[in-house]
Amino acid sequence: MRHCTKKSDSFQYEYYQSCARLPQDWDTLLPDGHFLKRSNLKATQQSQLEHLSYIYVLVSNGDNPIAAIYFQLLRLQQHHLNEESLSS
């Protein structure tokens, strides 16, 4: 999934896997200097952290963007776990 759109009766959800594809509306929703601005997300995504992927969701009501949602998905691996704390 690179980019897809889902519409409901009142809301539209646009899903992205790359911050490079996010529209300007994403930044417009956020205050100046916010850590979720596209330029900051680009730096995070370009770090290419192993086992980490991203999903960005832009929610609109009609033609008006109303929310920017950011997810980091970690593909949990054995080395991510502290086995000592699990055995207690």
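This is a predicted model: local features need pLDDT of at least 70, side-chain atom pairs count only at pLDDT 80 or more; totals for chains, interfaces and linings use all residues.

Visitor: Where does Leu49 sit?

Guide: Leu49 is in the loop between helix H2 (38-46) and strand E3 (52-61).

Visitor: And how far is Leu49 from Leu74 in space?

Guide: The C-alpha atoms of Leu49 and Leu74 are 9.7 Å apart. Along the sequence, 25 residues separate the pair.

Visitor: Is Gln48 buried or exposed? And His51, buried or exposed?

Guide: Gln48 is exposed, because its relative accessible area is 68%. His51 is buried, because its value is 14%, and the cut-off for buried is under 20%.

Visitor: OK, zoom out. What's the order of elements in the protein chain?

Guide: From the N terminus, the protein chain runs β-β-α-α-β-β-α. That comes to three helices and four strands.

Visitor: How much of the protein chain is buried?

Guide: Of the 88 residues in the protein chain, 24% are buried. The accessible surface is about 6,300 Å². Carbon and sulfur atoms account for 49% of that surface.

Visitor: What share of the contacts join residues at least 24 apart?

Guide: The share is 42%, counted among contacts in the protein chain between residues at least 6 apart in sequence.

Visitor: Now the inside. Which residues make up the largest nonpolar core?

Guide: There are 11: Tyr16, Cys19, Leu22, Trp26, Leu30, Leu36, Leu41, Leu52, Tyr54, Tyr56 and Leu58. E3 gives the most to this core, with four residues. As a general point, nonpolar side chains tend to be buried together in soluble globular proteins.

Visitor: Pick Leu22. What is Leu22 in contact with?

Guide: Leaving aside neighbours within four places in sequence, Leu22 contacts Tyr16, Arg38, Leu41 and Tyr56. Tyr16, Leu41 and Tyr56 are themselves members of the largest nonpolar core.

Visitor: How many salt bridges does the count come to?

Guide: The count is one.

Visitor: Why is Asp27 classed as buried, and why is Arg38 classed as partly exposed?

Guide: Asp27 is buried because its relative accessible area is 13%. Arg38 is partly exposed because its value is 23%. The cut-off for buried is under 20%.

Visitor: Next, Gln45. What does the side chain of Gln45 reach at 3.0 Å?

Guide: The backbone nitrogen of Cys19. Gln45 lies in helix H2. Not counting residues up to four places away in sequence, Gln45 touches Gln17, Ser18, Cys19, Tyr54 and Tyr56.

Visitor: And Ser18, where is that?

Guide: Ser18 is in the loop between strand E2 (12-16) and helix H1 (24-28). Beyond neighbours within four places in sequence, Ser18 contacts Gln45 and Tyr56.

Visitor: One more serine. Is Ser60 buried or exposed?

Guide: Ser60 is buried, because its relative accessible area is 6%. Ser60 lies in strand E3. Apart from neighbours within four places in sequence, Ser60 contacts Ser10, Phe11, Gln12, Pro65 and Ile66.

Visitor: Last topic, the outside. Which residues form a nonpolar patch on the surface?

Guide: Ile69, Phe71 and Leu73, with about 230 Å² of accessible area together. Ile69 is in strand E4 (residues 64-74). Ile69 is partly exposed, because its relative accessible area is 33%.

Conventions
Residues are numbered from 1 along each chain as its sequence is written. Side-chain values use heavy atoms; hydrogens and water are left out. Helices (H or I, at least four residues) and strands (E, at least two) are DSSP runs, numbered from the N terminus. Buried means under 20% relative accessible area, exposed over 50%, partly exposed in between (1.4 Å probe, protein chains only). Contact means heavy atoms within 4.5 Å. Accessible areas come from the Shrake-Rupley method with a 1.4 Å probe; for residues, only the protein chains shown count as cover. A polar contact is a pair of N or O atoms within 3.5 Å; within protein, one must be able to donate a hydrogen and the other to accept it, and residues adjacent in sequence count only if both atoms are side-chain atoms. Patches are made of residues with over 30% relative accessible area and no salt bridge: like charges are joined within 9 Å, nonpolar side chains (Val, Leu, Ile, Met, Phe, Trp, Tyr) within 5 Å. A salt bridge is a side-chain nitrogen of Lys or Arg within 4 Å of a carboxyl oxygen of Asp or Glu. A nonpolar core is a set of buried Ala, Val, Leu, Ile, Met, Phe, Trp, Tyr and Cys residues joined through side-chain atoms within 4.5 Å.
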